[in-house]
Amino acid sequence: MLIPYEYMPKVSADIPQELLDDVQEHVGEDGKFVSTSDAIRSSLRKMLDQMDEIDRKHGRIEGEDG
């Protein structure tokens, strides 16, 4: 579920310049993401989905088998 922009809190994070440069290569008119924030949100969602999948495989999510 996407949350409307006005409900998104601001978060500050220290990111190595090399990593930020790599992310920004995928941002903009020719990139996959419309903004750096969009890229970071998408990456966080993907990471959390992967963590949920790992938890399911290990039986750590209640009510689901691995």
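Buried residues account for 5% of the 66 residues in the protein chain. The model described here is predicted. Its secondary structure consists of 2 helices and 0 strands. The chain exposes about 6,200 Å², of which carbon and sulfur atoms supply 53%.

**Helices**

- Helix α1 covers residues 17-24, and D22 lies within this helix.
- Helix α2 covers residues 36-57.
- With its 22 residues, helix α2 reaches 32 Å from its first C-alpha to its last, which is close to the 32 Å expected at 1.5 Å a residue.
- G59 follows helix α2 and has a positive phi, near 70°.

**Nonpolar surface patch**

- A nonpolar patch on the surface is formed by I15, L19, I40, L44, M47, L48 and M51, which together have about 590 Å² of accessible area.
- Helix α2 gives the most to this nonpolar patch, contributing 5 residues.
- One of the members of the patch is L44, a residue placed in helix α2.

**Negative surface patch**

- E18, D21, D22 and E25 gather on the surface in a patch of negative charge.
- Within this patch, D22 has a relative accessibility of 39% and therefore counts as partly exposed.

**Salt bridges**

- The count of salt bridges in the model comes to 2.
- E53 and R56 are 3 residues apart in helix α2, so about one helical turn separates them.
- E53 counts as partly exposed because its relative accessibility is 35%.
- R56, at 25% relative accessibility, likewise counts as partly exposed.
- A salt bridge also links R60 with D55, and here the closest N and O atoms are 2.9 Å apart.
- R60 counts as exposed because its relative accessibility is 53%, and the exposed class begins over 50%.
- D55, the partner of R60, has a relative accessibility of 24% and therefore counts as partly exposed.

**Summary of the surface**

- The surface carries a nonpolar patch that includes L44 and a patch of negative charge that includes D22.

Key. Residues are numbered from 1 along each chain as its sequence is written. This is a predicted model: local features need pLDDT of at least 70, side-chain atom pairs count only at pLDDT 80 or more; totals for chains, interfaces and linings use all residues. Side-chain values use heavy atoms; hydrogens and water are left out. Patches are made of residues with over 30% relative accessible area and no salt bridge: like charges are joined within 9 Å, nonpolar side chains (Val, Leu, Ile, Met, Phe, Trp, Tyr) within 5 Å. Accessible areas come from the Shrake-Rupley method with a 1.4 Å probe; for residues, only the protein chains shown count as cover. A salt bridge is a side-chain nitrogen of Lys or Arg within 4 Å of a carboxyl oxygen of Asp or Glu. Lys and Arg count as positive and Asp and Glu as negative; His and the chain ends are not counted. The place of a charge is taken as NZ of Lys, CZ of Arg, CG of Asp or CD of Glu. Helices (H or I, at least four residues) and strands (E, at least two) are DSSP runs, numbered from the N terminus. Buried means under 20% relative accessible area, exposed over 50%, partly exposed in between (1.4 Å probe, protein chains only). The expected span of a helix is 1.5 Å times one less than its number of residues.
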